[in-house]
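Let's take a friendly walk through this model, from its overall layout down to single side chains. Please have the sequence and the 3D view open beside you.

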Amino acid sequence: MDFTQIEHLIELKGRFYVLIGIRKNRPLVTPYFKISLSKEDLSVLKELQSEIGGEIKKRKTTIYLEIRRILDCKKVLSFLSNPFLPSVKNKVEKWRRVVEMVDKGDHLTKNGFLEICEIVEEMEREKIREKFEKMIDEGKIKFDEEKVKIWKKISKSKRLMSEFQTKFT
């Protein structure tokens, strides 16, 4: 598969999501990408998987590639520098912002988490910020600045390693 074919397949068949929740009183933000095809197109999905990563899963009549790792999400975005369809372009830019924020650890701060909630509201047209603000005010969501510092150090190392691998592979 060449770059243009991958780009078109992602743009026309791909779906961009952001899962937001709480785990052990901590914010949880997971950007993920999903592309569904007919079972007859398994070879195409496997080829796509070899380029962008992820996991192939099966349902009764369809198969899909699901991507949740930030590094793989960034690979998906590398094929979408200028989406053709305005509706896709808008959603991709919002999703790109969330991926960047999670990559930097901003989702672990109150302001970053609430900004992501706003972005998701724009993407999904679902009001969630108020719900999470209330949970924060009630102490049901806690933010740990020390974990943010650790996340940012680890994230920076992963970005540098990824850039190194890209340059020399």
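The report below moves from the fold to the core, then to helices, rings and loops.

## Ground rules

This is a predicted model, so to speak of local features a pLDDT of at least 70 is needed, and side-chain atom pairs count only at pLDDT 80 or more, while totals for chains, interfaces and linings use all residues. Residues are numbered from 1 along each chain as its sequence is written, and side-chain values use heavy atoms, with hydrogens and water left out.

## Overall layout

The protein has seven helices and four strands, where helices (H or I, at least four residues) and strands (E, at least two) are DSSP runs numbered from the N terminus. Along the sequence they come in the order α-β-β-α-β-β-α-α-α-α-α.

Of the 169 residues, 39% are buried; here buried means under 20% relative accessible area, exposed over 50%, and partly exposed in between, with a 1.4 Å probe and protein chains only. Contacts are heavy atoms within 4.5 Å. Among those with a separation of 6 or more, 56% join residues 24 or more positions apart.

## The nonpolar core

A nonpolar core is a set of buried Ala, Val, Leu, Ile, Met, Phe, Trp, Tyr and Cys residues joined through side-chain atoms within 4.5 Å. The largest one here has 40 residues, and Ile10, Phe16, Phe33, Ile52, Val76 and Trp95 have the most contacts inside it.

Which residues does phenylalanine 16 touch, not counting those up to four places away in sequence? They are Ile10, Tyr32, Phe33, Val76, Leu80, Lys91, Val92, Trp95, Met123 and Glu124. Phenylalanine 16 has a relative accessible area of 4%, so it counts as buried.

Helix H2 (42-52) has Leu45, Leu48 and Ile52 as its buried residues. Seen down the axis of H2, these fall within an arc of 60°, so they line one face of the helix; the arc is that of the directions from the helix axis to the C-beta atoms. Exposed Ser43 and Ser50 are on the face of H2 turned away from the buried side. The cover over the buried residues of H2 includes H1, S2, strand S3 (55-58), S4 and H3. In general, an α-helix has 3.6 residues a turn, so residues three or four places apart point the same way.

Helix H3 (residues 70-78) buries Ile70, Asp72, Cys73, Val76 and Leu77. Down the axis of H3, its buried residues fall within an arc of 160°, so they too line one face of the helix. They pack against helix H1 (3-13), strand S1 (14-23), strand S2 (26-38), H2, strand S4 (62-67) and H4.

## Rings and charges

There are six aromatic pairs in the structure. Rings of Phe, Tyr and Trp (its six-membered ring) pair if their centres lie within 6.5 Å; planes under 30 degrees apart count as stacked, over 60 as edge-to-face and the rest as tilted. Phenylalanine 16 and phenylalanine 33 form a tilted pair, 5.2 Å centre to centre with 50° between the planes. This pair links distant parts of the chain, with phenylalanine 16 in strand S1 and phenylalanine 33 in strand S2, 17 residues apart. Phenylalanine 33 is buried at 0% relative accessibility, and ring pairs link Phe16, Phe33 and Trp95 into a cluster.

A charge sits over a ring if NZ of Lys or CZ of Arg is within 6 Å of the ring centre and within 35 degrees of the ring normal. Lysine 34 places its charged end over the ring of tyrosine 64, 4.3 Å from the centre. Likewise, the charged end of arginine 68 sits over the ring of tyrosine 32, 4.5 Å from its centre.

Most residues other than glycine have a negative phi. Lysine 24, however, has a positive phi of about 50°, and asparagine 25 has one near 65°. Lysine 24 is exposed at 77% relative accessible area, whereas asparagine 25 is partly exposed at 36%. Just after H2, glycine 53 takes a positive phi of about 85°.

Threonine 109 is in the loop between helix H4 (86-104) and helix H5 (110-124). Is threonine 109 buried or exposed? Its relative accessible area is 19%, so threonine 109 is buried. Leaving aside neighbours within four places in sequence, threonine 109 is in contact with Phe143, Glu145 and Val148.
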